[in-house]
Number of protein chains: 4
Amino acid sequence: EDSFQVAGRRFTSRLIVGTGKYKDFDETAAAIEASGAEIVTVAVRRVNVSDPNQPMLMDYVDPKKITYLPNTAGCFTGQDAVRTLRLAREAGGWNLVKLEVLGDQKTLYPDMAETLTAAEMLLKDGFDVMVYCSDDPIMAKKLEDMGCCAIMPLAAPIGSGLGIQNPVNIRLIIEQSKVPVLVDAGVGTASDAAIAMELGCDGVLMNTAIAEAKDPIRMARAMKYAVQAGRDAYLAGRMPRKKYADPSSPLAGLI
Amino acid sequence: EDSFQVAGRRFTSRLIVGTGKYKDFDETAAAIEASGAEIVTVAVRRVNVSDPNQPMLMDYVDPKKITYLPNTAGCFTGQDAVRTLRLAREAGGWNLVKLEVLGDQKTLYPDMAETLTAAEMLLKDGFDVMVYCSDDPIMAKKLEDMGCCAIMPLAAPIGSGLGIQNPVNIRLIIEQSKVPVLVDAGVGTASDAAIAMELGCDGVLMNTAIAEAKDPIRMARAMKYAVQAGRDAYLAGRMPRKKYADPSSPLAGLI
Amino acid sequence: EDSFQVAGRRFTSRLIVGTGKYKDFDETAAAIEASGAEIVTVAVRRVNVSDPNQPMLMDYVDPKKITYLPNTAGCFTGQDAVRTLRLAREAGGWNLVKLEVLGDQKTLYPDMAETLTAAEMLLKDGFDVMVYCSDDPIMAKKLEDMGCCAIMPLAAPIGSGLGIQNPVNIRLIIEQSKVPVLVDAGVGTASDAAIAMELGCDGVLMNTAIAEAKDPIRMARAMKYAVQAGRDAYLAGRMPRKKYADPSSPLAGLI
Amino acid sequence: EDSFQVAGRRFTSRLIVGTGKYKDFDETAAAIEASGAEIVTVAVRRVNVSDPNQPMLMDYVDPKKITYLPNTAGCFTGQDAVRTLRLAREAGGWNLVKLEVLGDQKTLYPDMAETLTAAEMLLKDGFDVMVYCSDDPIMAKKLEDMGCCAIMPLAAPIGSGLGIQNPVNIRLIIEQSKVPVLVDAGVGTASDAAIAMELGCDGVLMNTAIAEAKDPIRMARAMKYAVQAGRDAYLAGRMPRKKYADPSSPLAGLI
């Protein structure tokens, strides 16, 4: 069966979903269920994953069945991100993490200089680091060479829903990478996810596209199918594009 | 359950597949099976559906389970198309048909003048006419007003795999039509099919994209998922596109 | 010098402009001047070109210097269009005309069936017919075979400013045509015009893109340059697109 | 008159051209002339600008009329780039320079970490630094804050001719920058240059698109017009895009 591996763990679903922006934990859980995701990413500075006196995500999404991937959403410095993940590891034992160090509020693009620094610290600390990054292949290569276990280039600004803006860069990153490449941020609808997978990505991470659809549960299912569709199409090997028509039924030899 | 209706018949699969270009009837049958299609279209001038002394498609694809949709592939005049479908009706009893009258060999675009004439003759003859047409909304409207039961505008030249060239026109046709609109011809890979469905099409018809993939069976499955993904995304109501980022996790109020 | 010919007349400017939507005839004249156009198209049912007791376009745009191309904007039937152009010929002696027969108000796309009929009548009447048409190459061919002296496929709905929606179709029309092909309708900004010319069009016709720019006179000039740029780029033969980088300065042999 | 300023110098042409890949210095000079460029960029490690015993570019392109912008093409480390520009300053007195530090040979994308380091050294050294960079707005901001006098994000890989891959990023950089932003690398034909200018860029730098056209001199002229067209269109303020048609001539009140 088709699967991919990150930091020694094997996953069959190639869709990773976030847990923000939902009405409540019930809806979050239902969307995750519908998406078929095996990994959910959690903004540990924002979502309650440690205070048992408050409603906890774990009560709705079973961490024995679903892999929790703590992320550093909202961190604007490398230090902040590192501190956040250390605390999370203490609280929940999570070693596989998603690093994101934001550069500004308008784009929510990563600050790649801070990201490189923070990745280095986390790797030294023994974390398995999946890393949100720009779609710059040179930067992606540095992160891979450093030891990050997954490269997660953005498709478009977080929450923008614009889809993959630069397929050339995503392709270049895929071609050069030996670790999994997952498109992270910017997907808006099902075809965006399919396109990412058709380019050869190992997976897609999204949150807003599901949570802010009119019907999040149905959109979660749409995304499950879209990722499968894109993956299958990639593996199946698409037909070549042609400048002119080519008949389905030979025009010669007709009865 | 989500379904659509053509000429009084209800279908849950929104993927219609052709039967040309496969290695043999075994592969044809396996691809149809994997695609989940409930309708297959058959070039009756080309595929044996009447001579029991030769291998017949019916021996591989059961017409009791799958709706056969005879088409007039290879007809370059309206008269030719009408004669072809009359013969097919005599042979197989098919009343629901797909009309296509080609304009030239380079584009395999429909000759819309001949198509209008042929559609009128077929409708007078009592056929239920699904019609392959250009993506010109004015022409599509004429065909609908005339009584055609499904409008099937092209996405791109037949067999080109270029995907939807003019989403504006497809949208305009969908907005104005009261009968089902199915994109027919030009789809190349899974995301193309998803995009068609996200625009609000009722279905997608394809042949080459599946038959000429390196692995047709897997591509057939990809297309099944893609159509489901696009349909679900359309019904779920996608998030709006935004010019700037929008955080999944509120940036204020972080711990 | 580079030029093109329509109905025996030679033009060096490849930009044809409309005369609608301007503040007044002064602005109209200034925009035409800035555009460098040698042909202006005039909606003869709308613009005063015959009543000397009202302000006349001819008082601002000299018909001895600029070729007037009467059009049938606002005609929804072929008969109406034919009658309009006959009256125009009587009034102004114009024999070179632009036929447009609209299909509906939402798209302002041509009704190609009515267009074919009207073109035939006008040609029989001795008119030189430039014809606004859909981007369907099969229909374009019929119009050329009939004797139209220029094929004018739409880029996008009139006044939409969406730019060329289907470059594949425009290319197919250009490849097959022996008469000039001019993109008519839908251009929104300078690059749209350049793209049309780079595809190999003989010219571009526009109105709204200039008249509804914040500064119509400057936009008229932009369009003049854009058409020249696109034409020169087409004639110069662009570099091939490459999947990877290719250094401007050889990397080997550096000092 | 419309102009832009870099490091205290004012330029009216917004097209900067390279000097590589031409047949000989005669063709180089003719292309520069046709392009109307007031700045040419020179790979000082490659082009002879200092040895009077060899043919020198200065004998063909007069440095009193055209501003020479030495660049560090072919440098893969910041140190190398800094050394190259120091030597160039000694040789030719050039203080206004274009920094580029390449990351790999496949993409010729900048190594942004090395670029930041080198920019800092050059600025400390008193150079006016125009800087080739990725289209990452966060990195562009760092370079501007550091004191670079022009931000030069790439449109696509050098020499690829793919045009602007990520207009969202170029727009974000333009919106945030107080120094001139010039698209550098990746332009393939005239409309690509026009699109860059329509986004609000202050200028465009190119080499291969001109030098590798079949007719470089004509393409140089095409680019001159394209940059003017795009600039004028930007200043003129384009019409809004509309979902439906909008008649040039009001449909009501027709004669």
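The legends below describe close-up views of a predicted model.

Local features are given where pLDDT is at least 70 and side-chain atom pairs where it is 80 or more, while totals for chains, interfaces and linings use all residues; side-chain values rest on heavy atoms, with hydrogens and water left out. Residues are numbered from 1 along each chain as its sequence is written, and chains are lettered from A, with ligands numbered from 1, in the order in which they are written.

View 1. The model has an ipTM of 0.93 and a pTM of 0.94.

View 2. Side chains of opposite charge can pair when their charged atoms come close. Over all chains the structure holds 77 salt bridges, each defined as a side-chain nitrogen of Lys or Arg within 4 Å of a carboxyl oxygen of Asp or Glu. One of them joins Lys98(A) to Asp184(A), with 2.8 Å between the closest N and O atoms. This pair links distant parts of the chain, 86 residues apart: Lys98(A) belongs to strand E6 (residues 96–99) and Asp184(A) to strand E9 (residues 182–184) of chain A. Strands are DSSP runs of E with at least two residues, helices are runs of H or I with at least four, and both are numbered from the N terminus.

**View 3. The interface of chain B and chain A.** Here 65 residues of chain B are in contact with 65 residues of chain A, contact meaning heavy atoms within 4.5 Å. The size of an interface is often given as the accessible area lost when the parts come together. Chain B and chain A bury about 5500 Å² between them, an area found with a 1.4 Å probe and summed over both parts. Carbon and sulfur atoms account for 59% of this buried area.

**View 4. Pairs and elements between chain B and chain A.** Eight salt bridges cross this interface, including the one between Lys21(A) and Asp246(B), whose closest N and O atoms lie 3.6 Å apart. Also across the interface of chain B and chain A are 30 residue pairs in polar contact, both residues at pLDDT 80 or more. A polar contact is a pair of N or O atoms within 3.5 Å; within protein, one must be able to donate a hydrogen and the other to accept it, and residues adjacent in sequence count only if both atoms are side-chain atoms. On the side of chain B that touches chain A, the elements giving two or more residues are helices H6 (190–198), H7 (208–211) and H8 (216–236) of chain B. H8(B) supplies the largest share, twelve residues.

**View 5. The interface of chain D and chain C.** In this pair 65 residues of chain D touch 65 residues of chain C, and about 5500 Å² is buried between the two chains. Among the eight salt bridges across this interface is that of Lys21(C) with Asp246(D), at 3.7 Å from N to O. Chain D superposes on chain C by a rotation of 180° with 0.0 Å of shift along its axis. The two copies are therefore related as by a two-fold rotation axis.

Note on methods:
Copies are superposed by least squares on the C-alpha atoms of residues with pLDDT of at least 70 in both.
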